[in-house]
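Subject: Structure handover

Hello,

Here is the structure I promised to pass on. Please open it next to this email, and my notes follow below.

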Amino acid sequence: MTDAVAVLERLRALRAADAPTHGGRVLSYVYDSGRDELDDLADAAARLARPLNGLDPTVFPSISAMERDLIGFARRMLRGGRSVVGSITSGGTESCLLAVKTARDLWRAQHPDATGRPRLVTPTTAHAAFQKAAALFDLDWDPVPCAPDGTVRAADLVDRLDDDVALVVVSAPAYPTGALDPVAEVASAAADRGVSCHVDACFGGFVLPWWPGLPAWDFRVRGVTSISADLHKFGYAPKGVSVLLHGGGGGRRRHRAQFFATTRWPGYPVVNPTLLGSRSASPLAAAWAIAQHLGERGYAELTASTARAAAEFRRIVDGIQGLAVMGAPAGPAIALVADKNVSARERVDPHRLADAMLAHGWKVQHQPGLTQADGTRIPHSAHFTLTPVHEKEMAELGAALRAASDSVRGVRAADARMLVAALRILGYREGGRVPGPSAAWRLLRLAGAGRVSADQPMAMLMALIERLPAPVAEALLTELLARLSEP
Ligand SMILES: Cc1ncc(COP(=O)(O)O)c(C=O)c1O
């Protein structure tokens, strides 16, 4: 046996290599309210609920009590009436998966004679969780190209709606661009055609309700049949908790289609509202405690801080030559691109910028460019998720952004064409071979990407990813991640 103190000491040492989760230095993944008391509250609540099993709330009724409170709170914030019901899930991906599974099962029930697979229509900027849902639940994913600045065109989505569509998705906002999709136009057209419409507010569900100047995008909108909203993002709860709500008339019927129930085995009757069986109640308890503590007023105050930070951030970007905001963000996510209106010498490449920000202590997420099905290209960008803590950090963030921009202005984007050409000769071309584990590992090391860490420049790896055929790039990234946890 190893001494418990020594075990924790080792964990502390391991944690020292992690990027900082507080203070706003990591501009994605973590959502810092800037209020330490929320962490203490979440810890205490999570600890109280730690031994419970969410598998059976009849045995542990505290679980359904917390769920009722939290679902009720989310329903009020998302302007749903009493007919809106839902479930607490383990995160955004699970909420999106379940929204798709629900719509698929309802579609199948309505089309008993259909022989083909139903379609899932999304803009290309919809979260990748929907591609995963289509793959897992056997739907045809039908991505609809956006404008080159990532703006979603309602008419293009509506054009795709037909009898074989189980679900159309819009985002509030879309993660890659921060833009609020045209929810009302798409949802009402979907309702006219009898198609379900999901609003993915995983990112914005607990911040956009208080964001100034937005059109309605929630259950007030005719045709919206479900909404996902993550408590572990702008709900400020620790990871592992999201909410999925069903409405649009028939909310209960929709919600029940989300469940899996069976009595066809000799064990306990299984009734799972979500994907897991046994599940921790700690994330639920932490989110419940934070929502109880903050209430609507607390969320409104935190959102006001974030909105001020976002406005100031945009003023700073406007003053930096060569850098531009992509599209029309409508909340706390902002993507930066190179300004195409100035000469190449004056441009700031966003991935060079993200790499340069590391030296100033800021971790910015690289977003690769994407060639859409119609041949248009959404450019590569740098993603910034702003949170309440950034209001007081904005002077430092601005200084870092200016200095990092100055250091890379005029430096061309990383160019992986030689590597891509070499791989093409080896057969890794469009429609060609896909590397297995050993070949993928060799290729990664050849590309100098055998090791990745939080403080490593990523521009070259991203340049490679965006130029390779998707199945090849996906195999390389799978290998990269899989090797990290190999003993
Ligand atoms: C719009 C949107 N949907 C879904 C997700 C997936 O959420 P999670 O990472 O919690 O699974 C995200 C994550 O960033 C998101 O921004």
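Which residues form one aromatic cluster? They are Tyr31, Phe73, Tyr175, Phe203, Phe206, Trp210, Phe234, Tyr236 and Tyr299. Before you go further, note that this is a predicted model.

**Aromatic pairs**

The count comes to 11 aromatic pairs. One of them joins Tyr31 and Phe203. Their centres are 6.1 Å apart, with 65° between the planes, and the pair is edge-to-face. Tyr31 sits in the loop between helix H1 (4–15) and helix H2 (36–49). Phe203 sits in the loop between strand S5 (196–201) and strand S6 (226–230). The pair therefore ties together parts that are 172 residues apart in sequence. Tyr31 and Phe203 are both buried.

Now look at Trp265 and Tyr268. Their ring centres lie 5.3 Å apart and their planes meet at 80°, so this pair is edge-to-face.

**The ligand site**

There are 13 residues around the ligand. Gly92, Thr93, Asp200, His232 and Lys233 come nearest.

- A polar backbone atom of Gly92 is 2.9 Å from an oxygen atom of the ligand.
- A polar side-chain atom of Lys233 is 2.9 Å from an oxygen atom of the ligand.
- An N or O atom in the side chain of Asp230 is 3.4 Å from an oxygen atom of the ligand.

His232 belongs to the loop between S6 and strand S7 (242–246). His232 is buried, with a relative accessible area of 9%. What does its side chain reach at 2.8 Å? The side chain of His232 reaches the backbone nitrogen of Gly240. Leaving out residues up to four places away in sequence, His232 touches several others, among them Tyr31, Gly92, Pro238 and Val241. Tyr31 is also a member of the aromatic cluster, and Gly92 is among the residues that come nearest to the ligand.

Asp200 leads on to strand S6. Ser228 lies in that strand. The side chain of Ser228 makes a polar contact with the side chain of Asp200, at 3.1 Å. Ser228 is buried, at 0% relative accessibility. Beyond its neighbours within four places in sequence, Ser228 is in contact with residues including Ser95, Cys96, His198 and Val243.

**The nonpolar cores**

The largest nonpolar core has 102 residues. Which members touch the most others? They are Val168, Trp217, Val243, Phe313, Leu336, Met357 and Leu401. Helix H9 (residues 282–318) gives the most to this core, with 16 residues. Leu401 shows how parts of the chain meet here. Not counting residues up to four places away in sequence, Leu401 touches Phe313, Ile316, Val317, Ile320, Leu353, Met357 and Phe384. Another core lies apart from the largest one. As background, nonpolar side chains tend to be buried together in soluble globular proteins.

Gly298 lies in helix H9. Gly298 is buried, with a relative accessible area of 6%. The C-alpha atoms of Gly298 and Arg256 are 32 Å apart, although the two residues are 42 places apart along the chain.

**Helix H12**

Which residues of helix H12 (residues 417–425) are buried? They are Leu419, Val420 and Leu423. These residues cover an arc of only 100° around the axis, so they are on the same side of H12. In general, an α-helix has 3.6 residues a turn, so residues three or four places apart point the same way. Helix H13 (437–446) and helix H14 (459–467) are included in what covers the buried residues of H12. The face turned away from the buried side carries Arg417, Met418 and Ile425, which are exposed. Just after H12, Gly427 takes a positive phi of about 100°.

Arg15 is in helix H1. Arg15 is partly exposed, with a relative accessible area of 42%. The C-alpha atoms of Arg15 and Thr306 are separated by 28 Å, and the residues are 291 apart along the chain.

Best wishes

Definitions and conventions
Residues numbered from 1 in each chain as written. Predicted model: local features only at pLDDT ≥ 70, side-chain atom pairs only at ≥ 80, totals over all residues. Heavy atoms only, no water. Phe/Tyr/Trp six-rings, centres within 6.5 Å; stacked < 30°, edge-to-face > 60°. Helix = DSSP H or I, 4+ residues; strand = E, 2+ residues; numbered from the N terminus. Buried < 20%, exposed > 50% of the residue type's maximum accessible area, 1.4 Å probe, protein only. Core = buried A, V, L, I, M, F, W, Y, C linked by side-chain atoms within 4.5 Å. Contact = heavy atoms within 4.5 Å. Arc of directions from axis to C-beta. Near = heavy atom within 4 Å. Polar contact = N/O pair within 3.5 Å; in protein donor to acceptor, adjacent residues only side chain to side chain.
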